[in-house]
Amino acid sequence: MSAPAPTGDELLSVMATLANPHRLRVLAALAGERDYVSRLARKLGISRPLLQVHLRKLEAAGLVTGRLELSEDGKAMKFYEVNPFVIELTPQSIQTAVGTLTVPVADKEGSE
């Protein structure tokens, strides 16, 4: 059984999240195995605070999941892993998604 098609709002959220090279690199790094923030930041050559911003956006879009775990020495470490996903972009899937978009009231009133 295939997953339900994303709503227009979900599709926009995922596409906006993926429209950043750092986030694509994070997903690529996590595609092979889960990792914790410090090691992942070193692998990618970016600061932990910047990585955490990108991880929060990826998590909000449902593309990754973070889990807090304790190391053997009792230190809390947050591990991230990629959630399985497939995004099918065809003219038909976009047409279906557009039919479910939530258009802000200001945009409806301002358009002609």
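Because the model is predicted, local features need pLDDT of at least 70 and side-chain atom pairs count only at pLDDT 80 or more, while totals for chains, interfaces and linings use all residues. Residues are numbered from 1 along each chain as its sequence is written, and side-chain values use heavy atoms, with hydrogens and water left out.

An open sheet of 3 strands has the order S1-S3-S2 with antiparallel pairing, where two strands pair if DSSP finds at least two bridges between them. Strand S1 (35-36) and strand S2 (64-70) stand at the edges with a single partner strand each, so one side of each is left without a neighbour in the sheet. The antiparallel strands S2 and S3 are joined by 7 bridges; Thr65 stands opposite Glu81 in S3, and Leu68 stands opposite Lys78 in S3. The hairpin of S2 and S3 has 5 residues between the strands, and there Gly74 takes a positive phi near 85°. S1 and S3, also antiparallel, are joined by 2 bridges, with Asp35 opposite Tyr80 in S3.

Helix packing comes next. Two packed helices are described by the angle between their axes and the distance between the axes. Axes here are lines fitted to C-alpha atoms, for helices over the stretch in contact, and angles run from 0 to 180 degrees between N-to-C directions. Helix H2 (residues 21-32) and helix H4 (residues 48-60) have axes that come within 10 Å and cross at roughly 80°, and are therefore roughly perpendicular to each other (angles under 35 degrees count as roughly parallel, over 145 as roughly antiparallel, 65 to 115 as roughly perpendicular and the rest as oblique). Their contact (heavy atoms within 4.5 Å) is made by His22, Arg23, Val26, Leu27 and Leu30 of H2 and by Leu50, Leu51, His54, Leu55, Lys57 and Leu58 of H4. These residues divide into 7 nonpolar, 2 polar and 2 charged, where Ala, Val, Leu, Ile, Met, Phe, Trp, Tyr, Cys and Pro count as nonpolar, Asp, Glu, Lys and Arg as charged, and the others, Gly among them, as polar. H2 also lies across S1, S2 and S3, running at about 95° to S3.

H3 and H4 pack with their axes 9 Å apart at an angle of about 105°, which makes H3 roughly perpendicular to H4. On the H3 side the contact is made by Val37, Ser38, Leu40, Ala41 and Leu44, and on the H4 side by Arg48, Leu51, Gln52 and Leu55.

Methods: Helices (H or I, at least four residues) and strands (E, at least two) are DSSP runs, numbered from the N terminus.
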